[in-house]
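Look at the sequence and the 3D view first, then read the points below.

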There are 2 protein chains.
Amino acid sequence: MKLYDSTIAPNPRRVRIFLAEKGLTVPVEQVDMRSGVNRQPAFLAKNPMGMLPVLELDDGTCIAESLVICEYFEDLHPDPALIGRTPQERAETRMWERRMELEVMGPLLSAFRHGSPFFKGRITQVTDMVEPCRATTAKRLAWVNGLLGEREFVAGNRYSIADITLFCTLDFGGKVGEAYDPSLTNVVRWHEAMKARPSAAA
Amino acid sequence: MKLYDSTIAPNPRRVRIFLAEKGLTVPVEQVDMRSGVNRQPAFLAKNPMGMLPVLELDDGTCIAESLVICEYFEDLHPDPALIGRTPQERAETRMWERRMELEVMGPLLSAFRHGSPFFKGRITQVTDMVEPCRATTAKRLAWVNGLLGEREFVAGNRYSIADITLFCTLDFGGKVGEAYDPSLTNVVRWHEAMKARPSAAA
């Protein structure tokens, strides 16, 4: 088993933190996204989408998509549960994870991709998307701020993969000019708690 | 248990087809999206995102997100497997499902949302997004066409939730002016096979 990783992108970090929280170690190979190694044939044979991370299994099967890789490790190593112990717990966690991914990470990354020089020539940038995406992200984070006033973690009273997705999103946003409004005090409190976990070093 | 449903949107159909393939029946309540019932407080209490479908459990817990609802039913009723029987099978299916969702459904729905009069006033429409999204969808479907030249179903040699996501996407696209290029003969062959399944009536 080998994990193809990149330390500059937010998605591979979701898997690294997930593994750290599980106490698992997997052989890792860094893929240089800046020089486009992920867009070359050798890597595209592993993931035609050219994206990271990818988990290569011992039989050569390549599993792409951060969330799918996390689900696979949860399947193999259920404890500690980062998705859930019962069908209902899993459903609730997955719902909150998806909300963080689609409603917060999605628009934040869209704002970044449509505005950043890094993506010039990599995607069709539509600069008119930047501000609406920033507005959506801000609106969703105001909603999350309300939720975090009533509970400790994103999915309720237990740490989960939903926290990992939001944490990687907000940390990445802070590094690329998409920082959140510091008046969202519940988000700030939660974010500090996430940073204090040993897994944050992953 | 009750499923809040809408027959005009593509996502609720993913769950209806999944249930039909499982041979399951769940009480259903239609929510009128055209008149915006899904944006009113009673529904927002069930899903703050205002989206359908939503599965309300007997204890009042509301599970949103089509994919999450399908995973829940797979957890409760593993046969026939539409996600997978083993960790690796589940990982492969989930990866292909996500590719269909993020790489085909995502840009196709973005093209529709940014261009359609239905979404005027509902989202910030950026008309410059329509053509790049259409181009991305076409490029991804050309790739899928190649895949379907070598295998029967999206995720390989077994019907799965990945087929359901692509089928609902392409059927919806055909209804809203985002039909695919009929020269993609493998997609056409696969699409006809999907339409011939009894679950297509769901």
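In chain A, residues 24 or more positions apart account for 63% of the contacts with a separation of 6 or more; two residues are in contact if their C-beta atoms, placed from the backbone, lie within 7 Å. The model is predicted: local features need pLDDT of at least 70, side-chain atom pairs count only at pLDDT 80 or more, and totals for chains, interfaces and linings use all residues. Residues are numbered from 1 along each chain as its sequence is written, while chains are lettered from A and ligands numbered from 1 in the order in which they are written.

**Overall build of chain A**

- Chain A has seven helices and four strands, where helices (H or I, at least four residues) and strands (E, at least two) are DSSP runs numbered from the N terminus.
- Read from the N terminus, the order of elements in chain A is β-α-β-α-β-β-α-α-α-α-α.
- The radius of gyration of chain A is 17 Å, which agrees with the value near 17 Å for a compact globule of 202 residues; the radius is taken over C-alpha atoms, and the globule rule is 2.2 Å times the number of residues to the power 0.38.
- Along the principal axes, the C-alpha atoms of chain A fill a box of roughly 45 × 45 × 25 Å.
- Of the 202 residues of chain A, 43% count as buried; a residue is buried if 20 or more other C-beta atoms lie within 10 Å of its own, exposed if 12 or fewer, and partly exposed in between, with C-beta atoms placed from the backbone.

**Two domains in chain A**

- Chain A is divided into domain 1 (2-76) and domain 2 (87-201), with bounds that come from an automatic or database domain assignment.
- The centres of domain 1 and domain 2 of chain A, taken over C-alpha atoms, are 21 Å apart.
- Eight residues from domain 1 of chain A and eight residues from domain 2 of chain A make up the contact.
- On the side of domain 1 of chain A that touches domain 2 of chain A, H1(A) gives the most, with seven residues.
- That side of domain 1 of chain A divides into five nonpolar, no polar and three charged residues; Ala, Val, Leu, Ile, Met, Phe, Trp, Tyr, Cys and Pro count as nonpolar, Asp, Glu, Lys and Arg as charged, and the others, Gly among them, as polar.

**Two chains together**

- A rotation of 180° with 0.0 Å of shift along its axis superposes chain B on chain A, with an RMSD of 0.0 Å; copies are superposed by least squares on the C-alpha atoms of residues with pLDDT of at least 70 in both.
- This is the relation of a two-fold axis.
- The contact between the chains takes 28 residues from chain B and 28 residues from chain A.
- H4(B) gives the most to the side of chain B that touches chain A, with 10 residues.
- The residues on that side of chain B divide into 15 nonpolar, three polar and 10 charged.

- Nine of the 11 residues of helix H3 (residues 66-76) of chain A are buried, among them Ile69(A), Cys70(A) and Phe73(A).
- The buried residues of H3(A) pack against partners including helix H1 (10-22) of chain A and helix H4 (87-115) of chain B.
- The largest nonpolar core has 102 residues, and those with the most contacts inside it include Phe18(A), Ile69(A) and Phe18(B); such a core is a set of buried Ala, Val, Leu, Ile, Met, Phe, Trp, Tyr and Cys residues joined through C-beta atoms within 7 Å.
- Not counting residues up to four places away in sequence, Phe18(B) touches Cys70(B), Phe73(B), Leu82(B), Ile161(B) and Ile164(B).

**Single residues**

- Leu148(A) lies in the loop between helix H5 (130-147) and H6 of chain A, and counts as buried because it has 22 C-beta neighbours inside 10 Å.
- Leu148(A) and Asn186(A) are 38 residues apart in sequence and 5.5 Å apart in space, C-alpha to C-alpha.
- Lys139(B), in helix H5 of chain B, counts as exposed because it has 11 C-beta neighbours inside 10 Å.

**Backbone exceptions**

- Most residues other than glycine have a negative phi, and most peptide bonds are trans.
- Glu65(A) is not a glycine, yet has a positive phi of about 85°.
- The peptide bond from Leu52(A) to Pro53(A) is cis, with omega near 0°.
- Asp79(B) and Pro80(B) are also joined by a cis peptide bond, with omega about -5°.
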